[in-house]
Amino acid sequence: MAQVYFEDVSEGQEIPKLVQGCDSQRLVLWAAGSGDYYQIHYDKDFAQRTGLPDRITHGALKHALLGRLLDEWAGDGGRVRRVACSYRGMDMIDKDVTCRGVVTGKRQENGSNVVDLEVWTEDPGGKKTTPGTAVVELPSK
Amino acid sequence: MTQQQASVITDEMRARIGVESEPVAHEVDNTGCRQFARSVGYTDPIYFDEAAAKGKGHRAVVAPYGFLGHPVVVPGQAAHVPEAFRLAIPYKRVLNGGTDIEYLAEVCAGDRLAATTKLTELTEREGKMGPMLIVSTETAFRNKNGETVAIQRGTAIRY
């Protein structure tokens, strides 16, 4: 994928979205990868005993997916500095999580080219379940 | 009918706000980086292959965004769980409220990080599933030179 440069970016610009299916295998992979073995994410009976309709996608996985969205956009020459998000809505198992971002500003800071973004995840109905903000550094031409 | 819920925040809990924990060792290794990267769906070889990572100017296999190693846990030894996570809260269930990770430097396989955590805020709220206690924490990750490489802020919703 071609490198995105600081000069190419403008406020209001939407970055390419990332769609990730979150089936039981994905959630078990994440449990192992992150070390979060809380059963509400892979044990349906356990999840239902806590009052949930079914297993839910880990919030931290959605945070990490927003990180990947930005990492893949920023390319080899860029760097994801910060992603902050809130888990406002639950994403149920077996549903796609769509990660999106829009540029909200750009600035130069101590010699770095910094881009601020609004980022979020959407459920299949288009509802924003994980709103957040992010800071990315991009190379200059 | 509304009923005033008694606060579950004790003076003891309040006294822990701002107190930094003892450091917990987090090991960042090749397998951990690969496993985390695979679970998030990364395909960039810098997260899997040392030669590819070095070829792109990195020190070693790169820890993907959000991976700050795994805490070292030895069965039979007292778990090094920071105080901020050991509060005497009467609610059994927990949900993750949010995550914020800020990087100040790149983290790579081979790094051994010292994580210190402090409780930053306790807030009570009435939610759909009953009374909730929102526990906010901040963890600083330092490398072997004592430099802070990442700061993680999180909220746990106890209910």
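Modeller: What follows covers the chain contact, a helix, the domains and the cores of this predicted model.

Biologist: Start with the contact. How many residues come from chain B and from chain A?

Modeller: Chain B puts in 21 residues and chain A puts in 26 residues. On the side of chain B that touches chain A, the largest share, eight residues, comes from strand S3 (94-103) of chain B.

Biologist: And how do the residues of that side of chain B divide into nonpolar, polar and charged?

Modeller: There are seven nonpolar, nine polar and five charged residues on the side of chain B that touches chain A.

Biologist: What does S3(B) pair with, and in which sense?

Modeller: S3(B) pairs with strand S2 (residues 79-86) of chain A, in the antiparallel sense, over five bridges. Within S3(B), Thr99(B) stands opposite Cys85(A).

Biologist: Next, helix H2 of chain B. Which residues are buried there?

Modeller: In H2 (residues 30-40) of chain B, the buried ones are Gly32(B), Cys33(B), Phe36(B), Ala37(B), Ser39(B) and Val40(B). Seen down the axis of H2(B), they fall within an arc of 165 degrees, so they line one face of the helix.

Biologist: What do they pack against?

Modeller: The buried residues of H2(B) pack against helix H1 (24-34) and H3 of chain A, and also against strand S2 (70-71) of chain B. Just after H2(B) comes Gly41(B), with a positive phi of about 90 degrees.

Biologist: OK, domains. How is chain B divided?

Modeller: Chain B has domain 1 (1-27 + 75-159) and domain 2 (29-67). Their C-alpha centres lie 27 Å apart. Seven residues of domain 1 of chain B are in contact with ten residues of domain 2 of chain B. On the domain 1 side, the residues in that contact divide into four nonpolar, one polar and two charged.

Biologist: Which residues touch the most other members of the largest nonpolar core?

Modeller: Leu65(A), Leu66(A), Leu70(A) and Cys33(B) do, in a core of 49 residues. Helix H3 (residues 59-74) of chain A gives the largest share of this core, eight residues.

Biologist: Where does this core lie relative to the domains of chain B?

Modeller: Domain 1 and domain 2 of chain B both give residues to this core, so it lies between them.

Biologist: Back to Leu70(A). What does Leu70(A) touch?

Modeller: Leaving out residues up to four places away in sequence, Leu70(A) touches Val80(A), Val83(A), Gly101(A), Ala134(A) and Val136(A).

Notes: Residues numbered from 1 in each chain as written. Chains lettered and ligands numbered in written order. Predicted model: local features only at pLDDT ≥ 70, side-chain atom pairs only at ≥ 80, totals over all residues. Core = buried A, V, L, I, M, F, W, Y, C linked by C-beta atoms within 7 Å. Buried ≥ 20, exposed ≤ 12 C-beta atoms within 10 Å, placed from the backbone. Helix = DSSP H or I, 4+ residues; strand = E, 2+ residues; numbered from the N terminus. Domains from an automatic or database assignment. Contact = placed C-beta atoms within 7 Å. Nonpolar A, V, L, I, M, F, W, Y, C, P; charged D, E, K, R; others polar. Arc of directions from axis to C-beta. Pairing = 2+ DSSP bridges.
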